Amino acid sequence: MRKKKIRKKHSWAGLLFILPSLAGVTVFTLIPFADVVRRSFTAAVTGAPVGFGNYRTVFANTAFRLAASNTLRFTLICLPLLIVLSLALAVLLQNLLFGKNLLKSICLMPMAVPAASVVLVWKTLFHQHGLINALLEKAGLAQVGWMSSGYAFGVLVVSYLWKNLGYDMILWLAGLAGIPTEIYEAARVDGAGEWRCFLSITLPNLKSSLYTIAVLSFLNSFKVFREAWLVAGDYPHQSMYLLQHLYSNWFRDLAFDKIAAAAVVTAVVVFALIMLLQRVWETD
Amino acid sequence: MKKRIRNFIITFLLCFPAAVIVFPVLFAFSGVFMSGYELKQYLGPVLAGTEGMARWSLIPQMPTLSPLTALLIDSPQFFVMFWNSVKLTLGILAGQMLTGVPAAWGLARFSFPGRKLLYTLYLVLMLMPFQVLMLPQYIVLDRLALLDTHAGIILPAVFSTFPVFIMYRFFHGIPEEVLEAAKIDGAGNLQIFLRIGIPLGSAGIVSAMILGFLEYWNMIEQPMTYLKTRALWPLSLFLPEIGLEEAGTGFTAAVMMLIPALLVFLGGQDYLEQGIAAAAVKE
């Protein structure tokens, strides 16, 4: 009872601590976002209300369909790939006796590498006469137009994996560290092998980490635009034309009505995903 | 013994992905010490469309510092852009410290009506991609006449809720008893925050700053959208402008941009890992 009183007494002081930050968030994000929601229902030039007209325009737009399906395809391919690879790395690394820290540093390093710093490297690697094609030629294989064909999508996937593997590995290692070692010891006493331990103890215990990692990886996937833009510019091969390209091109054309509707749609999708995550967090 | 052998095999196997991961960085570094002539020999097919295929050697045949001196002495542009990057990054981090640290403390250690709602709001905003906020922020910056200024890049980023969330996790972990003891000794809210909260949560503050540094040093979308004047650009926008024709300058400038980030990474790796992991553990 007394504890409750103390808390109540201090309650508004907490808000004072938050106030400067909240004021900034309100001015720079909340109010303008509300304005954008309003704009998404009006015409760009006249400001006349158009109902869901802008949304219909966006969904009917072929560039939007291409970009949305590419983005979806990218997510569906990259997320499982990244999650499984980083888990494998984390599990292997966790049990290492030597070289553990060095390998961890190496895997995490791409996170610190600015996209702009490796853009020349990417360009020399994936150029028509670049290093990868040179290797292919030496091996007697056919050359590939990396940036000018559907393979451009693959380049994007590789960039994303390169950048995020270490980050996800650290997230998995945090999850792994949370599993009590006694469970493993008990299982070993009962004669369970490595593989059996992994399937019956490690995987089930990592379930709550999985959701967090999936959501964070999904959100980091938006940042792959940096690599894509740096390597291929505003209008890359159509296989790697993502929603991010489309939005920044619309923005340059001042198509504010379309962006407003598209931003609201994206926000709703992201918001739904976060709510899903929170429910998962709360239920277990 | 068997365990050691298995360990050795795993380490050995992991060396392959590790080598692939490090390669681009080594590549960029080796380009710095190559003369323009050597670069042309290797990359001619890529740069100038000469016959054959590109080659590379991670060890320059005739190491030279000439591209480095050329960049540092002959291109004042580079310094302007480098300084712009420093200014933007440090400005953002300083602002985040001033507003974000108290906000994280307020969210983590007090209970008041609406706290839960605020927490959810901050979480949602932290996870919104730039593309959602691009137009809203443009509208504000336009109203405040901050478009095409450094302040217009710094201010919205200062109020990013990501660092608040990271620091929240660390402040939340401080045991209640420590604060209770201070309260009994008559310390006020502000004193508790400054004397106990900040020192005990310093790991979280450092984590948030390191994650922030790596993020904003690499910032591309915001300056690309809001900065029209080239003289205001950070390095991250300037580098892609250096075409393959000036590969010597390109590699050197790339590495100059890479070095501060690598130093921060190496110096703060433990904090960085803690900061990443902070998001993974549920409340």
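User: Where is Asp148(B) placed?
Analyst: Asp148(B) sits in the loop between helix H6 (130-143) and H7 of chain B. Helices are DSSP runs of H or I with at least four residues, strands are E runs of at least two, and both are numbered from the N terminus.

User: Before we go on, what am I looking at?
Analyst: This is a predicted model, where local features need pLDDT of at least 70 and side-chain atom pairs count only at pLDDT 80 or more, while totals for chains, interfaces and linings use all residues. Residues are numbered from 1 along each chain as its sequence is written, and chains are lettered from A and ligands numbered from 1 in the order in which they are written.

User: Back to Asp148(B): what is its phi?
Analyst: Asp148(B) is not a glycine, yet its phi is positive, about 60°. Most residues other than glycine have a negative phi.

User: Why does Asp148(B) count as partly exposed?
Analyst: Because Asp148(B) has 13 C-beta neighbours inside 10 Å. A residue is buried if 20 or more other C-beta atoms lie within 10 Å of its own, exposed if 12 or fewer, and partly exposed in between, with C-beta atoms placed from the backbone.

User: And Leu254(A), what about its phi?
Analyst: Leu254(A) has a positive phi of about 55° and is not a glycine. Leu254(A) lies in the loop between helix H12 (243-252) and helix H13 (256-283) of chain A. Leu254(A) counts as exposed because it has 11 C-beta neighbours inside 10 Å.

User: H7(B) came up. At what angle do H4(B) and H7(B) pack?
Analyst: Helix H4 (residues 76-109) and helix H7 (residues 150-158) of chain B pack at about 35°, with axes 8 Å apart. Axes are lines fitted to C-alpha atoms, for helices over the stretch in contact, and angles run from 0 to 180 degrees between N-to-C directions.

User: Which residues of H7(B) make that contact?
Analyst: His150(B), Ile153(B), Ile154(B), Ala157(B) and Val158(B) do, meeting residues of H4(B) that include Gly91(B) and Gly95(B). Two residues are in contact if their C-beta atoms, placed from the backbone, lie within 7 Å. The contact divides into six nonpolar, five polar and one charged residue. Ala, Val, Leu, Ile, Met, Phe, Trp, Tyr, Cys and Pro count as nonpolar, Asp, Glu, Lys and Arg as charged, and the others, Gly among them, as polar.

User: How many residues does each chain put into the contact between A and B?
Analyst: Chain A gives 81 residues and chain B gives 81. On the chain A side, the largest share, 20 residues, comes from helix H1 (residues 2-39) of chain A. That side has 55 nonpolar, 21 polar and five charged residues.

User: What about domains in chain B?
Analyst: Chain B has domain 1 (2-64) and domain 2 (73-280), with bounds from an automatic or database domain assignment. Their centres, taken over C-alpha atoms, are 33 Å apart. Each of the two domains contributes nine residues to their contact.

User: Which residues touch the most other members of the largest nonpolar core?
Analyst: Ala104(B), Met167(B) and Ala254(B), in a core of 162 residues. A nonpolar core is a set of buried Ala, Val, Leu, Ile, Met, Phe, Trp, Tyr and Cys residues joined through C-beta atoms within 7 Å. H7(A) gives the most to this core, 13 residues. Both domains of chain B give residues to the core, so it lies between them.

User: What does Ala104(B) contact?
Analyst: Setting aside neighbours within four places in sequence, Ala104(B) contacts Val164(B), Met167(B), Tyr168(B) and Phe171(B).
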